Amino acid sequence: TDGNNASNYSDLMRATYLVAGLFKDARIDPQMFPAEKAYEMATLGGARTIDLRHLFATRSMAVVGASARSWIAETVRANLATMGSATRCHFVNPKYYELHGQPCYPDLAALPERPDIVLVALNPLRAARVTREAAAAGVPAVIIPGGGVVEGGAAAAAMQSEVAAIARGHGLALVGPNCMGVVDFTTNSAAYIGDISPYLPRGG
């Protein structure tokens, strides 16, 4: 992108990070205010804001439920390599000491750092427990990938309600369920469960 587009992108993202907590209340139209006013407007009335930078410029992530029987952990790690990303990817599963040639940790507390993202690689119906553990560990963002989850009847509805309540109560950035994850071709960050083509253009 050229300099003006890069600047506009930066302003838009900064504004989005700061006012995300207000969008659901339709109190702010993101097209109608300058980015430099974002913080002032986002905190009107003591409103809680959610910082989305952890999703788009991820320093480290944890794949909870990583398993030799599942392709998710390997795909997420491979995507980071494809993107040339510096994001560190940790695996969490108490059943393994090592997985796919790297250490595997029993829980979030055992990780060498607090990740920016927890990606749930378990049955989505177990996502509420993982989200609660992530919130307790101070993880700022959770991704619940997968498809067909919201069509799963009463159990799925209860999970979604519980996960949403946990996210609101702790100020978590929450993506999913029923998603593939997040990719940013500007920062080369990827927490994504599909294969990313190495030929896709970078920079925006």
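Visitor: What share of the contacts in the protein chain with a separation of 6 or more comes from residues 24 or more positions apart?

Guide: Contact means heavy atoms within 4.5 Å. In the protein chain, residues 24 or more positions apart account for 65% of the contacts with a separation of 6 or more. This is a predicted model: local features need pLDDT of at least 70, side-chain atom pairs count only at pLDDT 80 or more, and totals for chains, interfaces and linings use all residues. Residues are numbered from 1 along each chain as its sequence is written, and side-chain values use heavy atoms, with hydrogens and water left out.

Visitor: Is Ala-190 buried or exposed?

Guide: Buried means under 20% relative accessible area, exposed over 50%, and partly exposed in between (1.4 Å probe, protein chains only). Ala-190 is buried, at 0%. Leaving out residues up to four places away in sequence, Ala-190 touches Met-61, Leu-80, Met-83, Val-182, Val-183 and Ile-196. Met-61 lies 129 residues from Ala-190 in sequence, with 9.7 Å between their C-alpha atoms.

Visitor: Which side chain forms a polar contact of 3.1 Å with that of Thr-58?

Guide: A polar contact is a pair of N or O atoms within 3.5 Å; within protein, one must be able to donate a hydrogen and the other to accept it, and residues adjacent in sequence count only if both atoms are side-chain atoms. The partner is the side chain of Ser-189. A polar side-chain atom of Thr-58 also lies 2.6 Å from the backbone oxygen of His-54. Thr-58 is buried, with a relative accessible area of 7%.
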